[in-house]
Amino acid sequence: MAVSRLRSYSGPAVLSFGFRPFFLLGSLYAALSILLWLPMYAGELVAHSAFVPVDWHIHEMLFGYLPAIVTGFLLTAIPNWTGRLPVRGPPLLALVVLWLAGRAAVFFSADIGWQAAAVIDGAFLIAVAAAAAREIVAGRNWRKLKVLLPLAVLAGANGAFHIEAHLQGTSDISRRLGMAAAIMLISLIGGRIIPSFTRNWLVRENPGRLPAPFDRFDIASLAISAVALGAWSFAPDNSVSGMLMAVAALCQAWRLSRWAGERTLRDPLVLILHLAYAFVPVGLALVSASIFFPDAVPAAAGLHALGTGAVGAMTLAVMTRATLGHTGRALKAGTGASSIFVAVLLAGSLRILAAFVPSGAVIDIAGAGWVAAFSGFILVYGNALMTPKAR
């Protein structure tokens, strides 16, 4: 229904569907924010932010870049879930402007005041959650409301981030809570789309073992992961948190093994989903190890496995597939797509390595890989995002 009613839309193509402006601007910001962060990290650039540099970096990855991609995904998926008309035109533009205002407010928060920045920045996720809830409720697809829970946690963590940074001088619980919400979004959404897309490709191209269907084990894995991430958010050094994260890592690794990813080597568009998700159990395991063996495993290793690795690679993989599918292109990864996949996997792997072997050069190369991946996405798919759907 929603797709057929799109034919009456006559506005700019970039505002015809949520994925178009948010994937475009989100990927641009992903590259730009790291180009700004690297000289900040080296002490060569000073932002006008009330956040200390490392907090600005963490915040803009978790609460700036990620919400843009999640919004693009949700505003595109919800019409398929509900059969309702998608958010487009002026209402979509209003959300885009609100997101951009948040980025500017955070960067210039030292000038406008932390309270004003918190209100402007926090308004975006609240608006997105409200819009998504309205559409899901109106479409009576009650089961999809569960996706709003990690979104609400992300919004709450964002508000707490501003408060903690102001009162304590740096963020603490809120940064972990934001990461926890991000990983639960990946676990929830990725756990549905990865086996589904894998099954579709295998049935057509490589008959044989298929991904296991979603069952009680997946539900248990999600529950264990949520409890573990919650415990880690509030008690990051507690041995119970470490044990829970280890169990969650095992569950997530076993979950991934059930999706037959090793049988997708011939299709980079499917394979990247499995490789991206692999950073989830790796990150959980590294976080657990850092709690029990802090002298051997730096806490930054797990954080960057989950952030640069899982969040970065999974969002890029989803953006690529959704852009191809919703702009009428063939679901096939060409040289450009394969190159940006390699770049983001390299960025995630090197950023983990840099936690063990502190080196400005390794961090710079990881940053260059990240920038290449997301600027590459714009070069390869920017035109498709800004022009009408191919016939």
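A salt bridge is a side-chain nitrogen of Lys or Arg within 4 Å of a carboxyl oxygen of Asp or Glu. In this predicted model, arginine 134 and glutamate 135 meet that definition, with N and O 3.0 Å apart. Glutamate 135 is buried, at 7% relative accessible area. A search of the whole structure turns up eleven salt bridges.

Another one joins arginine 258 to aspartate 218, again with a closest N to O distance of 3.0 Å. Arginine 258 sits in the loop between α10 and α11, while aspartate 218 belongs to helix α9, so the pair ties together parts 40 residues apart in sequence. Salt bridges with shared partners link Asp215, Asp218, Arg255 and Arg258 into one network. Aspartate 218 is buried, at 1% relative accessible area. Arginine 258 also counts as buried, because its 16% falls under the 20% cut-off.

Now turn to helix α8, residues 173-205. Its 33 residues should span 48 Å at 1.5 Å a residue, and the end C-alpha atoms are 46 Å apart, which agrees. The helix has a kink of about 40 degrees, centred on glycine 190. Arginine 204 forms a salt bridge with glutamate 205, at 3.3 Å. Arginine 204 is exposed, at 55%. Glutamate 205 is partly exposed, at 38%.

Glycine 18 lies in the loop between α1 and α2. Its relative accessible area is 0%, so it is buried. Among the residues it touches are Gly72, Leu75 and Val87. Valine 96 is 78 residues away in sequence, yet 9.3 Å away in space, C-alpha to C-alpha.

Last comes the surface. Met243, Val247, Phe292 and Phe293 make a nonpolar patch of about 380 Å². Methionine 243 lies in helix α10.

Terms used
Residues are numbered from 1 along each chain as its sequence is written. This is a predicted model: local features need pLDDT of at least 70, side-chain atom pairs count only at pLDDT 80 or more; totals for chains, interfaces and linings use all residues. Side-chain values use heavy atoms; hydrogens and water are left out. Helices (H or I, at least four residues) and strands (E, at least two) are DSSP runs, numbered from the N terminus. The expected span of a helix is 1.5 Å times one less than its number of residues. The bend at a residue is the angle between axes fitted to the seven residues ending there and the seven starting there. Patches are made of residues with over 30% relative accessible area and no salt bridge: like charges are joined within 9 Å, nonpolar side chains (Val, Leu, Ile, Met, Phe, Trp, Tyr) within 5 Å. Accessible areas come from the Shrake-Rupley method with a 1.4 Å probe; for residues, only the protein chains shown count as cover. Buried means under 20% relative accessible area, exposed over 50%, partly exposed in between (1.4 Å probe, protein chains only). Contact means heavy atoms within 4.5 Å. Lists of a residue's contacts leave out its neighbours within four places in sequence.
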